[in-house]
Every structure is written in structure tokens, then in C-alpha cells.
Amino acid sequence: MSEPTGKYSITMPRDIAEAAKARSGPSGLSAYVAAAVARQIERDNLNELITVAEAEHGPITDEEVQALRDQLHQAREQQTQGGANAA
């Protein structure tokens, strides 16, 4: 991390802390927890954007969600095939 850091004291259930320590690997528990918090902030920000978009345009239907998932799946397949063809 190139950003300045600070030292904080947090409280969490022991089983979660132990599982995090076991999974943190060589980067350590602090980096593991920082990455988890960063992902949560990204999710919170995305949820805020969804709320604003749905307020303006109405809720997203299950069909729209599935269509977007299908597009993403196709794009990933094309990307994988393109990478395989380039090799």
C-alpha cells in the first residue's frame, strides 16, 4: 500500500478473526482486512448508485438482470477464445 496508514483497534468475533488470519497469507491480517473493507465500500457505493438509478428509472427487472448476465458471459467467452486464438 502506498497510501499512508493508521493503526486502529477493532473488535470482531473470534472465529472470524481466526479465519481471516488463516487466510491472510504472507501479506498479513491488516492487508486482508483492508482489502475486505475496500470491497465493502465499493459494494456500498454501487448500492447507492443502484438506488439513485432505480429512483429515476424504476426497478430493474429479473429479465434485464439476466440479459446483462448473458452479455457478460458472452463477452467473457469471446475474451477467452480471443486469448486462445492469439496464442
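A helix here is a DSSP run of H or I with at least four residues, and a strand is a run of E with at least two. By that count, the protein chain in this predicted model has 3 helices and 0 strands. Reading from the N terminus, the order is α-α-α.

Next, the overall dimensions. The radius of gyration of the protein chain is 20 Å, whereas the globule rule gives 12 Å for 87 residues, so the chain is more spread out than a compact globule. Along the principal axes, the C-alpha atoms fill a box of roughly 45 × 45 × 30 Å.

Now the surface. How much of the protein chain counts as buried? Of its 87 residues, 3% do, where buried means under 20% relative accessible area.

On to the pocket. The largest pocket has a volume of about 570 Å³. Its lining consists of 19 residues, and those nearest the centre are G6, Y8, S30, V33 and A34.

Which helices supply at least two residues each to that lining? They are α1, residues 14-23, and α2, residues 28-57. The largest share is from α2, with 8 residues.

To recap: three helices without strands, a chain more spread out than a compact globule, and a largest pocket to which α2 gives the largest share of the lining.

Definitions and conventions:
Residues are numbered from 1 along each chain as its sequence is written. This is a predicted model: local features need pLDDT of at least 70, side-chain atom pairs count only at pLDDT 80 or more; totals for chains, interfaces and linings use all residues. Side-chain values use heavy atoms; hydrogens and water are left out. On a 1 Å grid over the protein atoms alone, a cavity is a set of points where a 1.4 Å probe fits but cannot get out, and a pocket is an open set with protein on both sides within 12 Å along at least five of seven lines; lining residues have an atom within 4 Å of a point. Grid points are joined across faces, edges and corners, and a volume is the space filled by probe spheres set on the points. The radius of gyration is taken over C-alpha atoms; the globule rule is 2.2 Å times the number of residues to the power 0.38. Buried means under 20% relative accessible area, exposed over 50%, partly exposed in between (1.4 Å probe, protein chains only).
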